[in-house]
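Please look over the sequence and the structure below before reading on.

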Amino acid sequence: MITCTWTAEPGTARVTIAGDLEFATTGTLLRLVTDRLTRDVREVRLDCAELGFCDSSGLSELMKLHRVVTGAGARLHLDNRRPALERLLARTGTAAYLTGEARDSRARLDS
């Protein structure tokens, strides 16, 4: 089960994700953002603090979401990433693609 909550302020949309982003829940996050994303949104910030498990289907969902967000002229952020998500992004080399962050930027922030 997954719950995604959208809140917006001028220029920024925040999406809080709670639960597992996996095969059985794919589509939920993408539908929410696709349905609510407008040209006024310049940044989409996903709060991943309560994201549990993320499998390959969940990662695919994030990749699709990135295409939707950047296609609308906005930037995607993955905030409050837990260690398991951080490892998945590192192992697959997708952190820089999804967020535009340099590969070592998180490491520098943590030191």
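Just after helix 2, Gly73 takes a positive phi of about 85 degrees; helices here are DSSP runs of H or I with at least four residues, strands are runs of E with at least two, and both are numbered from the N terminus. The model is predicted, so that local features need pLDDT of at least 70 and side-chain atom pairs count only at pLDDT 80 or more, while totals for chains, interfaces and linings use all residues. Residues are numbered from 1 along each chain as its sequence is written, and side-chain values use heavy atoms, with hydrogens and water left out.

Helix 2 itself runs over residues 56-71, and its 16 residues reach 22 Å from the first C-alpha to the last, close to the 22 Å expected at 1.5 Å a residue, where the expected span is 1.5 Å times one less than the number of residues.

The buried residues of helix 2 are Gly58, Leu59, Glu61, Leu62, Leu65, His66 and Val69, buried meaning under 20% relative accessible area, exposed over 50%, and partly exposed in between (1.4 Å probe, protein chains only). They cover an arc of only 150 degrees around the axis, which puts them on the same side of helix 2; the arc is that of the directions from the helix axis to the C-beta atoms. On the other side of helix 2, Ser56 and Gly71 are exposed.
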